[in-house]
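This report describes selected strands and helices of one model. Please consult the sequence and the structure shown here.

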Amino acid sequence: MRLLFINPNISDSVSELIGSEARRAASLDTEISVLTAPFGVAYIETRFEALIGAYATATLAAEHYAKHDAIVVAAFGDPGLAGLREALPIPVLGLTESALMSASMLGQRYSIVAISRRITAWYRETVEANGLGQRLASIRHLDQPLADIGRVQEDHADRLVALCESAVKDDGADVIIIAGAPLAGLARTVRDRIAVPVVDGVSSAVRHAETLVALNPRAARSGSFAPPPVKPNRGLPPGIEALLARGANEGAKS
């Protein structure tokens with residue numbers, strides 16, 4: 001089984017964290033590949049940055065999906081996830097959705113611990129889009145500048161643990177989701193310091209992806225996740241142009 005993780009931001013250090021945690025969580029016969037966005041920002045906090053990251057992810061997905069069994073959008077907030085599910089014939093997962101599904105099976109109410117205040121609006125909207133807003137106890141976040149996005153865990157570990165503890169004590173969280181690719185693996189390293197289950201998006205995505213690939217679902221040919229209809233286009237990268245043309249072939253099979 002071959003899983004492709006696409007980091008929608010340009011931080012190679014974050015891609016290394018993603019790859020390390022994904023390989024640690026994967027089954028022995030699962031091969032993990034990680035690609036970093038060729039353009040964009042160091043880390044995503046806003047809706048507009050997510051828009052950029054979604055397009056960067058789409059360019060890589062279109063070029064590389066055929067060699068993989070599933071793709072993971074490796075940024076909390078899942079930029080471009082729904083659109084990629086329309087276009088690609090293989091399972092596409094995101095860190096947020098995967099973490100939410102794991103948390104939902106471990107408790108009734110969950111809290112998210114994030115790396116910045118600005119990012120919380122986008123995260124909250126992503127939770128709502130997944131239909132799980134009523135189960136969100138809180139979103140807690142760091143309130144200090146991030147000197148190095150690849151060292152957030154080392155620089156702020158104690159503060160992040162304190163935020164988890166506050167979410168349990170003050171917000172009534174049954175489960176904690178430690179959010180964001182820069183925090184990949186932190187849930188595993190601090191689990192014994194937190195009184196409730198702690199969920200990581202990367203490891204959740206690995207295991208959910210393995211399950212979906214094993215279930216071998218057919219790609220949608222109808223409904224809202226059918227491939228986009230073929231129409232004239234201009235100025236697109238060759239991979240995306242070819243991916244859009246897939247709709248013609250799928251339509252002929254319907």
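Which residue in β4 is the bridge partner of Val73? The partner is Gly94.

**Basis of the model**

The model is predicted: local features need pLDDT of at least 70, side-chain atom pairs count only at pLDDT 80 or more, and totals for chains, interfaces and linings use all residues. Residues are numbered from 1 along each chain as its sequence is written, and side-chain values use heavy atoms, with hydrogens and water left out.

Strand β3 covers residues 70–73; helices (H or I, at least four residues) and strands (E, at least two) are DSSP runs, numbered from the N terminus. Ala70 and Val72 point one way, Ile71 and Val73 the other, and all are buried (under 20% relative accessible area, with exposed over 50% and partly exposed in between; 1.4 Å probe, protein chains only). In a regular strand the side chains alternate between the two faces of the sheet.

β3 pairs in the parallel sense with β1 (residues 2–7) over 4 bridges and with β4 (residues 92–94) over 3 bridges; pairing requires at least two DSSP bridges between two strands.

**Helix α1**

The buried residues of α1 are Val14, Ser15, Ile18, Gly19, Glu21, Ala22 and Ala25. Their cover includes β1, β2 (31–36), α7 (186–190), β8 (198–200) and α8 (201–215).

**Thr126**

Thr126 lies in helix α5 (residues 120–129) and counts as buried because its relative accessibility is 9%. Leaving aside neighbours within four places in sequence, Thr126 is in contact (heavy atoms within 4.5 Å) with Gly77, Asp78 and Thr96.
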